[in-house]
Amino acid sequence: MYAWHFTEMPYPNHPDPDTVPSVRVSLPNKHFDPKLGADLYNRYLDEHLLADELGLNIMLNEHHQTATCLDVAAPLSAAILARQTSKARICILGNPMSNRADPIRVAEEMAMIDCISRGRLDAGFVRGVPYEVFAANTNPTQTLERLWEGIDLCVKAWTHREGCFNFEGKFWHKRSVNIWPTPYQQPHPPVWITGSSDKENIREVARRGFTFAMFLQPYEKVREMFDAYRECAIYDDPEEVRRHIAYMPLVATGETEEEAEVYAKKVAWYLSAKTAPQFRNPPGYVPVSFNVNALKGTYSGRTDAVRTRGIEYLKEQGVLMYGTPDQVFEQVRAFYDHVGGFGQLLMMQQAGHLDHEETVKSMTLFAKEVYPRIREEFDFKLAKKGAAAQ
Amino acid sequence: MTDTKSETIEMVQIQDIGIEVERRGGGAPLVLLNDEEGLTRESPVVDELAKSFEVIIPEPPGFGASSRPGWIETMDDIAYVMLDFLDEAGIEDATVLGFSLGGWIAAEMATKNTSRISRLALVDPYGIKVGGPWDRDIQDIWFLTKEEVQALKYADPANGDIDYTVMPDEKLEVVARNRESFARFCWQPYMHNPKLKRRLHRIDVPTLVIWGAADGVVSTGYGKAFAGTIPGARFEVVEDGGHFPHLEQPAAFMDVLGGFLAEAQQAA
């Protein structure tokens, strides 16, 4: 099992959510102080460099128009880290392919970062969460179609070697594609895709041999979706299948229970960020059947319980893992058992007002006292010798 | 006297689309293009009209029970399909009455081919852009909260209250699917066809444009500009009505529409 450090690079110093209609999408950027922003960007990047030193991998993502995430261009952060780190794998999870204007541009950026890092890139693609359609002006009824057309075009650009190809699809028209550079890894960087409830989508991810990741969901839901992936996975070796299954909890490791609880409450801030209801469910993002339930008042996306309950509940569900190193290890093990196993542990170890000193402490405790046990207990016992460094 | 309660609903095949068509009343044909929420079809206005006309209500692709193939992407696509429907149904000398999105469709149809259309009435239609790139001509109904949109759409917001929790699932499916189709076709460019304003001069049949004075989504200024591009079009305002003036002020609405339709009956 590999562990990945992650933060959404938040700007937590925004007005109290109770005083504004929404923290995401429409909070005026007059509330952004560029001097503080500059400090935050550099601090978060320093923490990623620390992850590299500590032997953790690095995960990045991208959001727009929100104080909850200042990383508006994951390829930019990945490029910085490709140059400044030396060991860590760097996973973008993910490029919002549905909302990006040009999949070929995405293909080029990934190829460039892969070369600069000498093959340490994992390239993820996401549909983008519902509220992202407002920033990108993507038609919410078309996000899935755009995602797969974009991925197909990107993978073709990475792998086609014999000069120019053309493409006249539903969303993109290209006349003569021939990207320079190609990716460093062959045939291309490992592809990761996230999902939460669309089983047909998960099965497609499995059929293509991509890694499937879920974030911050109760373990019962995660079990269901991981089972759907395993049903259709193309790898014969179950350890190889497991290597392609990823989960992200919030993680806070403290020297004492009290310290961990302080950290846990701070990272749990992430789940409380306010998004106005019309941004959470634009029409057509979820199927008609889900919206029928919404009209009846029985559906609300990531359950409200997860959003509003305390850290004990979040811990029970596997959404938040916190405590002393021993306790964190036990929670990882319990979650592993609950969901039928997984191979990649993505960890949101920084969120909200968890400051630099606290983040460094939590990361370091995890890396030194939890990770070695995880590596030993959940090591990949791959049938094929010499299977990837990952 | 015609039994206004008698109605038929059938599916009519147009290319690879199943179009749901309801007919009520009897007499000269009045093709009614429903609003995107499906409210007009359920309103007393239809029964009122069915006393003097055969009201024919074809639901556009993606709305009501009409199917929605992937190739249908714009109002332009839909207008051609609805013209195909007029051909298929053999409708002649139709009065076409369109509400909101239905009004946009009616206008698109009339710019292309009026051979089966004798007169046109549009009620608070969407469909054109009036201002410049930085202007918000049409309020962004997907960006605002449900309460804000309701306040813009209705002169008295309470008139827009709908209790979905008491509706059967089949009806809720139509509601959810209508919303999805509306977004699919109208997301970008937002709620308009950049080409339509340049084509409205082609409408060569008598046209009435009716507007609710309190319409906060598309203002009376927008409505006047819309009517102003259609040769000879009349523009009439219904006081104390919003985006659906026929729902909030049915009597005043029928007064305004009445004169126009009387001409239609005389001509028939």
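The dialogue below goes through a predicted model, starting with chain A and ending with chain B.

Q: What radius of gyration would a compact globule with 390 residues have, and what does chain A have?
A: A compact globule with 390 residues would have a radius near 21 Å, and chain A has 20 Å, which agrees. The C-alpha trace of chain A spans about 60 × 50 × 45 Å along its principal axes. Its secondary structure consists of 15 helices and 12 strands. Buried residues account for 47% of the 390 residues. Of the contacts in chain A between residues at least 6 apart in sequence, 75% join residues at least 24 apart.

Q: Which residues have the most contacts inside the largest nonpolar core?
A: In soluble globular proteins, nonpolar side chains tend to be buried together. Here the largest nonpolar core has 98 residues, and those with the most contacts inside it are Trp4(A), Phe212(A), Tyr229(A), Leu250(A), Val267(A) and Leu346(A). Beyond its neighbours within four places in sequence, Trp4(A) is in contact with residues that include Leu56(A), Ile58(A), Cys91(A), Leu345(A) and Leu346(A). Another core, of 71 residues, lies apart from this one and has Met109(B), Ile203(B), Ile230(B) and Phe253(B) among its members.

Q: Which residues of H7(A) are buried?
A: An α-helix has 3.6 residues a turn, so residues three or four places apart point the same way. In H7(A) the buried residues are Tyr219(A), Val222(A), Met225(A), Phe226(A), Ala228(A) and Tyr229(A). They pack against helices H6, H13 and H14 and strands S8 and S9 of chain A. As for length, the 14 residues of H7 (219–232) should span 20 Å at 1.5 Å a residue, and the end C-alpha atoms are 20 Å apart, which agrees.

Q: Where does chain A have a cis peptide bond?
A: Most residues other than glycine have a negative phi, and most peptide bonds are trans. A cis bond joins Leu93(A) and Gly94(A), with omega about 0°. Gly94(A) belongs to strand S3 (residues 90–96) of chain A. The bond from Trp180(A) to Pro181(A) is also cis, with omega near 10°, and Pro181(A) sits in the loop between strands S6 and S7 of chain A.

Q: Is Arg118(A), with its positive phi, buried or exposed?
A: Phi of Arg118(A) is near 55°, and the residue lies in the loop between helix H3 and strand S4 of chain A. With 11 C-beta neighbours inside 10 Å, Arg118(A) counts as exposed. Met191(B) also has a positive phi, of about 55°, and is not a glycine. Met191(B) is in the loop between helix H5 and strand S7 of chain B, and is buried, with 24 other C-beta atoms within 10 Å.

Q: What is the order of the strands in the open sheet of chain B?
A: Strands of a sheet pair through backbone hydrogen bonds, either parallel or antiparallel. This sheet of 8 strands has the order S1-S2-S4-S3-S5-S6-S7-S8, with mixed pairing. S1 and S8 of chain B stand at the edges with a single partner strand each, so one side of each has no neighbour in the sheet. Neighbouring strands are turned by 20° against each other on average, direction ignored. S7(B) and S8(B) run parallel and are joined by 5 bridges; Trp211(B) has Val237(B) in S8(B) as its bridge partner.

Q: Which strands does helix H3 of chain B touch?
A: Helix H3 (residues 101–112) of chain B packs on the sheet and touches S3, S5 and S6 of chain B, its direction making about 140° with that of S5(B). Helix H6 (residues 220–228) of chain B lies across S7 and S8 of chain B, at about 175° to S7(B).

Methods: Residues numbered from 1 in each chain as written. Chains lettered and ligands numbered in written order. Predicted model: local features only at pLDDT ≥ 70, side-chain atom pairs only at ≥ 80, totals over all residues. Core = buried A, V, L, I, M, F, W, Y, C linked by C-beta atoms within 7 Å. Buried ≥ 20, exposed ≤ 12 C-beta atoms within 10 Å, placed from the backbone. Contact = placed C-beta atoms within 7 Å. Helix = DSSP H or I, 4+ residues; strand = E, 2+ residues; numbered from the N terminus. Expected span 1.5 Å × (residues − 1). Rg over C-alpha atoms; globule rule 2.2 N^0.38 Å. Pairing = 2+ DSSP bridges. Axes fitted to C-alpha atoms, helices over the stretch in contact; angles between N-to-C directions.
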